[in-house]
Structure formats: structure tokens, C-alpha cells
Amino acid sequence: MASQSTDTSGIAERYATALYDMADEAKQLDAVADDLRGLKALLEESGDLRRLVRSPLIGRQAQTAAMMAVLEKAGAGDLTRRFAGVVGHNRRLFALGAMIDAYLAMLARRRGEETAHVSSAAALSEDQQARLAESLRKAVGSKVRVETAVDPSLIGGLVVRVGSRMIDSSVRTKLQRMQLAMKGA
């Protein structure tokens, strides 16, 4: 399993580097990043799309055509669509999520940004996201881009992960700690 993960990571890095270089040359780094964030959201939301890109039973042409249709419908730019076409043609769609993450990480490194992954019980408002980003910027000491996710099982509070650091102020975790403390009493 570790070997497969390493293989996927190596593939993702190579493809992401190639896309990054092409986007940089075409002065489309942000446009491609926006397209990729949208595609990542689609992959996270749709089980059917995830199965499409991961299934070895679906032929190369069918996978590529379906991915191109999804990107066309999503309004992705030409460079992103051509990149996905090459990835599909080379039977590498299974690594698309890792390629997206690698591209966005390269872009963040270039800009000196950190990415904060924030989970909350309910969607955060724009104002809450802005205040959170500002607080994180002060704590981390660099620009911070906030990626949010909603996890109703948290009940309340936030779980924030920046790099290898994690802060869990969720009600779920506090209740679990209380439960453990009461067992010991």
C-alpha cells in the first residue's frame, strides 16, 4: 500500500509541476487554481465522479470524454481542460485529486502562503472566515488561505489544521474528554 501511495504521489507531483509550468508561462496560475478548486469540490461531492476517475473498468476514451464534459459544464478554462484530457488519455485520472493538491501546494509555496483546513458544525459566514484568516495569519506569521468544510458531527466549535498543527475546539471532542474523565472518576 505504501508503494502505491508513493507512486501516486510521484505521478501527481510530475503532472502538477508540468501544469504549473504551463499555467505560469500562460500567466494563468490563478485561473487554473480556481478551476482545480472547483474540480476538487466536484470530486468531493460526487461519488459517481470519484468512481469514474478511479474505475479501471471504464475505458480511457469514455473516462476522458466524461471528464471533459464535466469540465465543460463547470466552465473550466482551456488549459485546465487540455490538462485533464492528457491525464485521461494517459490513464492517470485516479491521481487527479493528488495532482490538484500538489498544484495548489506549489502555488501556495510560491506565494508564501499556508493553507488552513477548517471544519465547523455549520457553514461559516464570509465575515467569520475573514476574521479566522486574520487570526490565523497572526498566529502563523504568514498569509493564510482558509479551506472550509462542514461536519455536523462536531456539534459546535472548530477543528483547524495548518500544516502539522491542529487545534480541536469542537464540542464533540470536549464531550469525549468529559466522558473519559467521568469514567476515571
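Biologist: How many bridges join E3 to strand E4, and how do they run?
Modeller: Four bridges join E3 to E4 (residues 165–168), and the two run antiparallel. This is a predicted model: local features need pLDDT of at least 70, side-chain atom pairs count only at pLDDT 80 or more, and totals for chains, interfaces and linings use all residues. Residues are numbered from 1 along each chain as its sequence is written, and side-chain values use heavy atoms, with hydrogens and water left out.

Biologist: What counts as a strand, and as a pair of strands?
Modeller: Strands (E, at least two residues) and helices (H or I, at least four) are DSSP runs, numbered from the N terminus. Two strands pair if DSSP finds at least two bridges between them.

Biologist: Which residue is the bridge partner of valine 160 in E4?
Modeller: Isoleucine 167. E3 and E4 form a hairpin with two residues between them. Glycine 163, in the turn, has a positive phi of about 65°.

Biologist: How many bridges join E1 to E3?
Modeller: Five, and that pair runs antiparallel. Serine 120 stands opposite leucine 158 in E3.

Biologist: Switching topic. How many aromatic pairs are in the whole structure?
Modeller: Two. Rings of Phe, Tyr and Trp (its six-membered ring) pair if their centres lie within 6.5 Å; planes under 30 degrees apart are stacked, over 60 edge-to-face, the rest tilted. Tyrosine 15 and phenylalanine 83 have ring centres 6.4 Å apart and planes at 70°, so they are edge-to-face. Tyrosine 15 is in helix H1 (residues 2–25) and phenylalanine 83 in helix H5 (residues 78–89), so the pair ties together parts 68 residues apart in sequence.

Biologist: And how is the pair of tyrosine 20 and tyrosine 103 arranged?
Modeller: Tilted, at 5.8 Å centre to centre and 55° between the planes. Tyrosine 20 is in H1 and tyrosine 103 in helix H6 (residues 96–111), 83 residues apart.

Biologist: Is tyrosine 103 buried or exposed?
Modeller: Buried, at 0% relative accessibility. The cut-offs are under 20% relative accessible area for buried, over 50% for exposed, partly exposed in between (1.4 Å probe, protein chains only). Tyrosine 20 is buried at 10%.

Biologist: Last one. How much space lies in the largest pocket?
Modeller: About 360 Å³. A pocket here is an open set of points on a 1 Å grid where a 1.4 Å probe fits, with protein on both sides within 12 Å along at least five of seven lines; lining residues have an atom within 4 Å of a point. Of the 15 lining residues, the closest to the centre are Glu44, His117, Glu147, Thr148 and Ala149.

Terms used. Grid points are joined across faces, edges and corners, and a volume is the space filled by probe spheres set on the points.
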